Amino acid sequence: MTQAAFFVLTALADQPRHGYGILREVEELSDGAVQLRVGTLYGVLDRLTADGLIVLDREEVHDGRLRRYYRLTDEGMQALDAEAERMAAGASAAKRRIAEGREAPGPAAKPVTNPSAGPGLAGGLA
């Protein structure tokens, strides 16, 4: 599940929302880390609808413009719950490893004098 899909489902977990409401909620839930563009949002909504995770709840006219409200399906709630559990388990494993790394005695890391001469992020040569 993409980060955008995860936050859209999370935004819809408590109540139906229209597009602009989803955009605001995603930004708030992610502390500003995820700022969806309108085109991206509607692509995600189309995909989640096709996957049966959300449905159109209702349409309302507001200030002469049509607002479509979306809501989670039962399958959407289950998918969100499963993804949240998966992410929590991953975060827990990372926290354990970090704590173990801080506690483990070992050789002191050698300072890198020329960072561009060492291995890259994936362990390959830069």
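Predicted model: local features only at pLDDT ≥ 70, side-chain atom pairs only at ≥ 80, totals over all residues.

Reader: Okay, and which strand is His-18 in?

Author: His-18 is found in strand 1. The general idea is that strands of a sheet pair through backbone hydrogen bonds, either parallel or antiparallel. Here, strand 1 and strand 3 run antiparallel and are joined by 2 bridges. Another pair to look for is Arg-17, whose bridge partner in strand 3 is Tyr-70.

Reader: Is His-18 buried or exposed?

Author: The cut-off for buried is under 20% relative accessible area. His-18 has 10% relative accessibility, so it counts as buried. Leaving out residues up to four places away in sequence, His-18 touches Arg-67, Arg-68 and Tyr-69. With Arg-67 there is also a polar contact from side chain to side chain, at 3.4 Å.

Reader: What is the order of the strands in the sheet?

Author: The order is 1-3-2, in an open sheet of 3 strands with antiparallel pairing. Strand 1 and strand 2 stand at the edges with a single partner strand each, so one side of each has no neighbour in the sheet.

Reader: How many bridges are there between strand 2 and strand 3?

Author: Strand 2, residues 54–62, pairs with strand 3 over 8 bridges, again in the antiparallel sense. To find your place, look for His-62, which stands opposite Arg-65 in strand 3.

Reader: What sits between those two strands in the hairpin?

Author: The hairpin has 2 residues between the strands, and Asp-63 there takes a positive phi near 50 degrees. The general idea: most residues other than glycine have a negative phi. Asp-63 has a positive value although this residue is not a glycine. At 71% relative accessibility, Asp-63 counts as exposed.

Reader: Where is Asp-31, the residue with phi near 55 degrees?

Author: Asp-31 lies in the loop between helix 2 and helix 3. Its phi is also positive, in a residue other than glycine. If you trace the chain, Asp-31 follows helix 2. Asp-31 is exposed too, with a relative accessible area of 74%.

Reader: Let's stay with helix 2. Which of its residues are buried?

Author: Helix 2 covers residues 19–29, and the buried ones are Gly-19, Gly-21, Ile-22, Leu-23, Glu-25 and Val-26. They pack against helix 1 (3–12), strand 1 (17–18), helix 3 (38–50) and strand 3 (65–72).

Reader: Why does Glu-25 count as buried?

Author: Its relative accessible area is 18%, and buried means under 20%. Not counting residues up to four places away in sequence, Glu-25 touches Ala-11 and Arg-17.

Reader: And how do I read a nonpolar core?

Author: In soluble globular proteins, nonpolar side chains tend to be buried together. In this model, the largest nonpolar core has 22 residues, and Val-8, Ile-22, Val-26, Leu-36, Leu-48 and Ile-54 touch the most other members. Helix 1, helix 2, helix 3 and strand 3 each supply at least two residues of this core. Helix 1 gives the most, with 8 residues.

Reader: Which residues does Val-26 touch?

Author: Setting aside residues up to four places away in sequence, Val-26 touches Phe-7, Val-8, Ala-11, Val-34 and Leu-36.

Reader: Where does helix 1 lie relative to the sheet strands?

Author: Helix 1 lies across strand 1, strand 2 and strand 3, and runs at about 95 degrees to strand 3.

Reader: Now let's zoom out. How many helices and strands does the chain have?

Author: There are 4 helices and 3 strands. Starting at the N terminus, the elements run α-β-α-α-β-β-α. Of the chain's 126 residues, 26% count as buried. The chain exposes about 9000 Å², with carbon and sulfur atoms supplying 52% of that.

Definitions and conventions: Residues numbered from 1 in each chain as written. Heavy atoms only, no water. Buried < 20%, exposed > 50% of the residue type's maximum accessible area, 1.4 Å probe, protein only. Contact = heavy atoms within 4.5 Å. Pairing = 2+ DSSP bridges. Core = buried A, V, L, I, M, F, W, Y, C linked by side-chain atoms within 4.5 Å. Polar contact = N/O pair within 3.5 Å; in protein donor to acceptor, adjacent residues only side chain to side chain. Axes fitted to C-alpha atoms, helices over the stretch in contact; angles between N-to-C directions. Areas by Shrake-Rupley, 256 points an atom, 1.4 Å probe, with all protein chains shown as cover.
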